[in-house]
Amino acid sequence: MRIDILTIFPEMFAGVLGESMLGRAARAGILDFRLHNIRDYSENKHHNTDDYPFGGGVGMVMMAQPICSCLQAVDGDHEALRIAMLPRGKTLRVGMAQALSGQERLLLLCGHYEGIDERALEQMDMEVSIGDYVLTGGELPAMVLIDCVSRFIPGVLGSADSAEDESFTHGLLEYPQYTRPAEFCGKQVPEVLLNGNHAHIARWRRDMSLKATKEARPELLAAAALDKKDKAFLQSLENAQIDPNK
Ligand code: ADE
């Protein structure tokens with residue numbers, strides 16, 4: 001997948017795109033990151049990229065010209081799916097990430113200041129937010145989207161299906177994990193994980209996922225596919241809570 005990133009801070013991306021799984025995928029040719037400095041496209045004498053808002057108000061607005069010139073140079077035929085990272089966008093969720101992972105080209109526009117001239121945003125295909133909070137710019141959100149989407153592209157993770165088997169993909173949060181040693185600072189790994197009974201291990205993991213979800217994100221349980229055993233386990237948690245002997 002080719003990913004073009006339009007930003008006034010291209011240096012911010014070096015570590016994230018060059019290291020770990022994303023860096024490896026880029027070196028393997030699975031991901032092709034192309035950074036573009038919007039400032040380079042400014043026709044303004046001082047290479048400005050922002051100006052005061054029409055109608056008044058605090059802060060500056062990113063000008064349409066440098067962004068539109070950059071879009072024209074990078075994606076003149078509009079072959080990429082163009083995404084503006086904005087707090088007002090549609091919230092990034094696992095389903096959106098999976099759908100985006102099937103695209104051949106993404107183009108991400110990182111906003112700054114108080115906003116982006118609407119005439120530049122009219123050239124985009126969609127607007128994406130990473131959550132209900134406002135960050136200082138769209139660079140971190142773009143990195144989050146790239147990381148999240150890339151994990152669904154075959155070859156990016158070590159094993160092809162590992163992104164499929166995680167928190168949110170099945171609507172539940174993940175169960176706790178342990179590695180050696182079996183005892184650390186007096187704390188034991190749960191016995192069930194040591195005895196090699198795979199059916200028991202699967203049940204325990206499912207129960208721990210249910211418990212974690214109930215505690216941290218109970219609203220996810222309403223949409224999760226739960227069978228009789230799941231429901232019985234959740235009921236046992238309820239009963240334990242109201243157990244007068246506890
Ligand atoms: N830019 C600033 N805050 C943002 C957010 N929450 N999501 C996407 N882009 C942003």
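User: How many salt bridges does a search of the whole structure find?
Analyst: The search finds 15 salt bridges, a salt bridge being a side-chain nitrogen of Lys or Arg within 4 Å of a carboxyl oxygen of Asp or Glu. This is a predicted model, in which local features need pLDDT of at least 70 and side-chain atom pairs count only at pLDDT 80 or more, while totals for chains, interfaces and linings use all residues. Residues are numbered from 1 along each chain as its sequence is written, and side-chain values use heavy atoms, with hydrogens and water left out.

User: Which residue meets Arg 105 in a salt bridge?
Analyst: Asp 75 does, at 3.7 Å from N to O. This pair links distant parts of the chain, 30 residues apart: Arg 105 is in strand β6 (residues 105-110) and Asp 75 is in helix α3 (residues 64-75). Helices (H or I, at least four residues) and strands (E, at least two) are DSSP runs, numbered from the N terminus.

User: Are those two buried or exposed?
Analyst: Both Arg 105 and Asp 75 are buried. Buried means under 20% relative accessible area, exposed over 50%, and partly exposed in between, with a 1.4 Å probe and protein chains only.

User: Which residues are linked with them in a network of salt bridges?
Analyst: The network holds Arg 2, Asp 4, Glu 79 and Arg 82 together with Asp 75 and Arg 105.

User: And Asp 230, how far apart are the closest N and O atoms in its salt bridge with Arg 203?
Analyst: They are 2.9 Å apart. The pair joins helix α8 (residues 228-241), which holds Asp 230, to helix α7 (residues 198-216), which holds Arg 203. Asp 230 also forms a salt bridge with Arg 206, where the closest N and O atoms are 2.8 Å apart.

User: Why does Asp 230 count as buried?
Analyst: Asp 230 counts as buried because its relative accessibility is 2%. Arg 203, at 24%, counts as partly exposed, and Arg 206 is partly exposed at 26%.

User: Changing topic, which residues are around the ligand?
Analyst: Among them are Met 85, Leu 86, Pro 87, Gly 131, Tyr 133, Leu 135 and Pro 141, where near means that a heavy atom of the residue lies within 4 Å.

User: How far is a backbone N or O atom of Leu 135 from a nitrogen atom of the ligand?
Analyst: The distance is 2.9 Å for Leu 135. For Gly 131, a backbone N or O atom lies 3.3 Å from a ligand nitrogen.

Notes. Polar contact = N/O pair within 3.5 Å; in protein donor to acceptor, adjacent residues only side chain to side chain.
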